[in-house]
Amino acid sequence: MAGAVKRFIPLFDRILVERFAPELKTKGGVLLPEKSQGKVLEATVIATGPGGRTNTGEIVPPSVKVGEKVLLPEYGGTKITFDDKDYFIFRDGDILGKFQS
């Protein structure tokens with residue numbers, strides 16, 4: 001992981017994720033063209049913010065932790081680039097679910 005990403009801390013209830021690389025081959029070994037690869041909806045959590053606040057000012061911690069695998073919505077998120085790698089920032093409520101290990 002790059003140094004700039006390690007120093008980056010999202011604010012509030014934001015989550016920094018790195019999407020998995022798309023499959024370039026089928027199980028049979030056929031190379032897939034770029035258009036048919038589709039969007040990858042799975043990612044790894046790289047960093048989390050401290051959490052959102054309730055109306056009374058209490059902090060609600062994020063529902064995911066660093067290193068967990070999550071399911072993302074097809075659209076949304078803010079794309080940022082560190083050291084020529086793409087990362088995305090989502091709100092905690094936008095993440096659809098997490099995979100148990």
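A: Here is a quick tour, starting with the overall layout and moving on to single residues.

Q: First, what kind of model is this?
A: It is a predicted model.

Q: How many helices and strands are in the chain?
A: The chain has 1 helix and 8 strands. Reading from the N terminus, the order is α-β-β-β-β-β-β-β-β.

Q: What box do the C-alpha atoms fill?
A: Roughly 55 × 30 × 25 Å, taken along the principal axes.

Q: And what share of the residues is buried?
A: Buried residues are 26% of the 101 in the chain.

Q: What about contacts between residues at least 6 apart in sequence: what share joins residues at least 24 apart?
A: That share is 63%.

Q: OK, new topic. How many salt bridges are there?
A: The structure has 4 salt bridges. One of them joins the side chains of D13 and R91, at 3.2 Å from N to O. That pair links distant parts of the chain. D13 is in the loop between α1 and β1, R91 is in strand β7, and they are 78 residues apart.

Q: Is R91 buried, exposed or partly exposed?
A: R91 counts as partly exposed, because its relative accessibility is 38%.

Q: Which residue does K85 form a salt bridge with?
A: K85 pairs with E18, and their closest N and O atoms are 2.8 Å apart. This pair also links distant parts of the chain: K85 is in strand β7 and E18 in strand β1, 67 residues apart. K85 has a relative accessible area of 39%, so K85 is partly exposed. E18 is at 22%, so E18 counts as partly exposed too.

Q: And D86, what is its salt-bridge partner?
A: K79, with the closest N and O atoms 3.5 Å apart. D86 is partly exposed at 36%. K79 is exposed, with a relative accessible area of 51%.

Q: Let's look at D92. Where is it?
A: D92 sits in the loop between β7 (85–91) and β8 (97–99).

Q: Is D92 buried or exposed, and what is the nearest side chain of opposite charge?
A: D92 is buried. The nearest side chain of opposite charge is K98, 8.5 Å away. D92 has no salt bridge.

Q: Why does 8.5 Å not count as a salt bridge?
A: Because a salt bridge needs the side-chain nitrogen within 4 Å of a carboxyl oxygen.

Q: So what does the side chain of D92 make a polar contact with?
A: The side chain of S63, at 2.8 Å. Leaving aside neighbours within four places in sequence, D92 is in contact with D13, I15, P62, S63 and V64. D13 is also in the salt bridge with R91.

Q: Switching to rings. How many aromatic pairs does a search of the whole structure find?
A: The search finds 2. F8 and F82 form a tilted pair, 5.5 Å centre to centre with 55° between the planes. F8 is in the loop between α1 (3–7) and β1 (14–19), while F82 is in strand β6 (residues 78–82), 74 residues away. F82 and Y87 form a tilted pair as well, at 6.0 Å and 55°.

Q: Which residues do the ring pairs link into a cluster?
A: F8, F82 and Y87.

Q: What sits over the ring of F88?
A: The charged end of R19, 4.5 Å from the ring centre.

Q: Last one. Where is R53, and what is it in contact with?
A: R53 is in strand β3 (residues 52–53). R53 counts as exposed because its relative accessibility is 56%. Leaving aside neighbours within four places in sequence, R53 is in contact with E58 and I59. A polar atom of the R53 side chain lies 2.9 Å from the backbone oxygen of G57.

How values were computed. Residues are numbered from 1 along each chain as its sequence is written. This is a predicted model: local features need pLDDT of at least 70, side-chain atom pairs count only at pLDDT 80 or more; totals for chains, interfaces and linings use all residues. Side-chain values use heavy atoms; hydrogens and water are left out. Helices (H or I, at least four residues) and strands (E, at least two) are DSSP runs, numbered from the N terminus. Buried means under 20% relative accessible area, exposed over 50%, partly exposed in between (1.4 Å probe, protein chains only). Lys and Arg count as positive and Asp and Glu as negative; His and the chain ends are not counted. A polar contact is a pair of N or O atoms within 3.5 Å; within protein, one must be able to donate a hydrogen and the other to accept it, and residues adjacent in sequence count only if both atoms are side-chain atoms. Contact means heavy atoms within 4.5 Å. Rings of Phe, Tyr and Trp (its six-membered ring) pair if their centres lie within 6.5 Å; planes under 30 degrees apart count as stacked, over 60 as edge-to-face and the rest as tilted. A charge sits over a ring if NZ of Lys or CZ of Arg is within 6 Å of the ring centre and within 35 degrees of the ring normal.
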